[in-house]
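I open this notebook page to record what I looked up in one protein chain, entry by entry. The sequence and the structure come first, and my notes follow.

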Amino acid sequence: MLNFWIENWGTILVGAAVAAAVVGVILKMYKDKKRGKTGCGCGCSHCPSACDCSEKTDKHT
């Protein structure tokens, strides 16, 4: 078993870093959605999907 870890430590390290980055992005998106922030970062005035925005983002138009 130790031999497996020694032979694959680089792959395991990179995989763990990628997994941590994905979890971080998902948590940030979740927190932003709870705070009512839009995903695109711009206003809704020219957005074709402005009618689908929540009430919190409609105040910014």
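Entry 1, a pair within one helix. I started with Asp 32 and Lys 28, which are four residues apart in helix H2 (residues 9-35) and are therefore separated by about one helical turn. Helices here are DSSP runs of H or I with at least four residues, strands are runs of E with at least two, and both are numbered from the N terminus.

Before going on I noted the basis of the work: this is a predicted model, in which local features need pLDDT of at least 70 and side-chain atom pairs count only at pLDDT 80 or more, while totals for chains, interfaces and linings use all residues. Residues are numbered from 1 along each chain as its sequence is written, and side-chain values use heavy atoms, with hydrogens and water left out.

Asp 32 and Lys 28 form a salt bridge, with the closest N and O atoms 2.9 Å apart; the term requires a side-chain nitrogen of Lys or Arg within 4 Å of a carboxyl oxygen of Asp or Glu. By this rule I count one salt bridge. I then looked up how covered the two partners are, taking buried as under 20% relative accessible area, exposed as over 50% and partly exposed as in between (1.4 Å probe, protein chains only). Asp 32 is buried because its relative accessible area is 17%, whereas Lys 28, at 48%, is partly exposed.

The 27 residues of H2 should span 39 Å, and the end C-alpha atoms are 39 Å apart, so the two values agree. After H2 comes Gly 36, whose phi is positive, near 85°.

I find three helices and zero strands in the protein chain, and from the N terminus on the elements run α-α-α. The chain has 61 residues, of which 8% count as buried. It exposes about 5500 Å², with carbon and sulfur atoms supplying 66% of that area; accessible areas come from the Shrake-Rupley method with a 1.4 Å probe, and for residues only the protein chains shown count as cover.

Which residues make the nonpolar surface patch? I list Met 1, Leu 2, Phe 4, Trp 5, Ile 6 and Ile 12, which together make a patch of about 680 Å². Patches are made of residues with over 30% relative accessible area and no salt bridge, like charges being joined within 9 Å and nonpolar side chains (Val, Leu, Ile, Met, Phe, Trp, Tyr) within 5 Å. Helix H1 (residues 2-7) gives the most to this patch, with four residues.

Entry 6, the aromatic rings. My search of the whole structure finds one aromatic pair. The rings of Phe 4 and Trp 5 have their centres 6.0 Å apart and their planes at 80°, so I note the pair as edge-to-face. Rings of Phe, Tyr and Trp (its six-membered ring) pair if their centres lie within 6.5 Å, and planes under 30 degrees apart count as stacked, over 60 as edge-to-face and the rest as tilted. Phe 4 is partly exposed at 44% relative accessibility, and Trp 5, in helix H1, is partly exposed at 43%.

Note on methods:
Expected span 1.5 Å × (residues − 1).
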